[in-house]
Amino acid sequence: MRTEYKIFLGVALFLFGAAAVYGIYTGATAPTGGDGGESINASFEGGVEWVGTVALILSGLLCSMCGGFFWFVARRIDLRPEDREDGEIAEGAGELGFFSPGSYWPFGIALSAAVAGLGLVFWMWWLLAFGLVAVIFTACGMLFEYYSSTRQPAEH
């Protein structure tokens, strides 16, 4: 976890620095037309471009939140093999968990999320509602796939 929190906090620092540079640069430069010094866009007379600045700040906050979580977890667990300098590849071997090899539910979730996205893009509320209901249905189907009697994982 130590590597992960260093990566996320490094990206967060970059995003905060980029937000500062972006805000200063857009505040110092005002668009002008080719002749007479008139503005290209009458609604923008210079100043900080807030959408990009806020987006960079929020992205930095999101990376900080993830990095802070990984830092918090890294303090509470022992060092993993990938966090140690003398760690070997064989130390990380073992069972990682159970992954369903033949499940079609992830495809259903992706398809229903795409339908919900199309409903949002074209603002068709009925398509959005149908897609969201389908996302909930398919997510429940994947969650309870092995709790029904039709598919049981192999006993180890």
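This report walks through a predicted model of one protein chain, from its overall make-up down to a few single residues.

## The big picture

Let's start with the whole chain. Its secondary structure comes to 4 helices and 0 strands. Read from the N terminus, the elements run α-α-α-α.

How many of the 156 residues count as buried? The share is 19%. The accessible surface of the chain comes to about 11,900 Å², and 71% of that surface belongs to carbon and sulfur atoms. There is also a number for how the chain folds back on itself: take the contacts between residues at least 6 apart in sequence, and 63% of them join residues at least 24 apart.

## Helices α1 and α2

Helix α1 covers residues 2–28 and helix α2 covers residues 50–76. They pack at an angle of about 160°, and their axes are 8 Å apart. Angles over 145 degrees count as roughly antiparallel, so α1 and α2 are roughly antiparallel to each other. Their crossing is left-handed. Sorted by class, the contact of α1 with α2 has 18 nonpolar, 8 polar and 2 charged residues.

Ser 59 counts as partly exposed because its relative accessibility is 32%. Along the sequence, Ser 59 and Ala 19 are 40 residues apart, yet in space their C-alpha atoms are 9.6 Å apart.

## Between α2 and α3

Next comes a loop. Gly 92 sits in the loop between α2 and α3. Is Gly 92 buried, exposed or partly exposed? With a relative accessible area of 44%, Gly 92 is partly exposed. Pro 81 is 11 residues away from Gly 92 along the chain, and 6.2 Å separates the C-alpha atoms of the two.

## Helices α3 and α4

Now for the other pair. Helix α3 (residues 105–121) and helix α4 (residues 125–143) pack at an angle of about 165°, with 7 Å between their axes. That angle makes α3 roughly antiparallel to α4. The crossing of these two helices is left-handed. On the α3 side, the residues making the contact include Trp 105, Pro 106, Ile 109, Ala 113 and Leu 120. On the α4 side, they include Leu 127, Phe 130, Phe 137, Gly 141 and Met 142. By class, this contact has 17 nonpolar, 6 polar and no charged residues.

Two of those names are worth a second look. Gly 141 has its place in helix α4. Buried means under 20% relative accessible area, so Gly 141, at 15%, counts as buried. Gly 141 and Ile 109 are 32 residues apart along the chain, and their C-alpha atoms are separated by 9.4 Å.

One last stop: where is Trp 123? Trp 123 lies in the loop between α3 and α4. Most residues other than glycine have a negative phi. Trp 123, however, has a positive phi of about 50° although it is not a glycine.

Is Trp 123 buried or exposed? The relative accessibility of Trp 123 is 62%, and exposed means over 50%, so Trp 123 counts as exposed.

Key. Residues are numbered from 1 along each chain as its sequence is written. This is a predicted model: local features need pLDDT of at least 70, side-chain atom pairs count only at pLDDT 80 or more; totals for chains, interfaces and linings use all residues. Side-chain values use heavy atoms; hydrogens and water are left out. Axes are lines fitted to C-alpha atoms, for helices over the stretch in contact, and angles run from 0 to 180 degrees between N-to-C directions. Angles under 35 degrees count as roughly parallel, over 145 as roughly antiparallel, 65 to 115 as roughly perpendicular and the rest as oblique. A crossing is left-handed if the near helix is turned anticlockwise from the far one by less than a right angle, and right-handed if clockwise. Contact means heavy atoms within 4.5 Å. Ala, Val, Leu, Ile, Met, Phe, Trp, Tyr, Cys and Pro count as nonpolar, Asp, Glu, Lys and Arg as charged, and the others, Gly among them, as polar. Buried means under 20% relative accessible area, exposed over 50%, partly exposed in between (1.4 Å probe, protein chains only). Accessible areas come from the Shrake-Rupley method with a 1.4 Å probe; for residues, only the protein chains shown count as cover.
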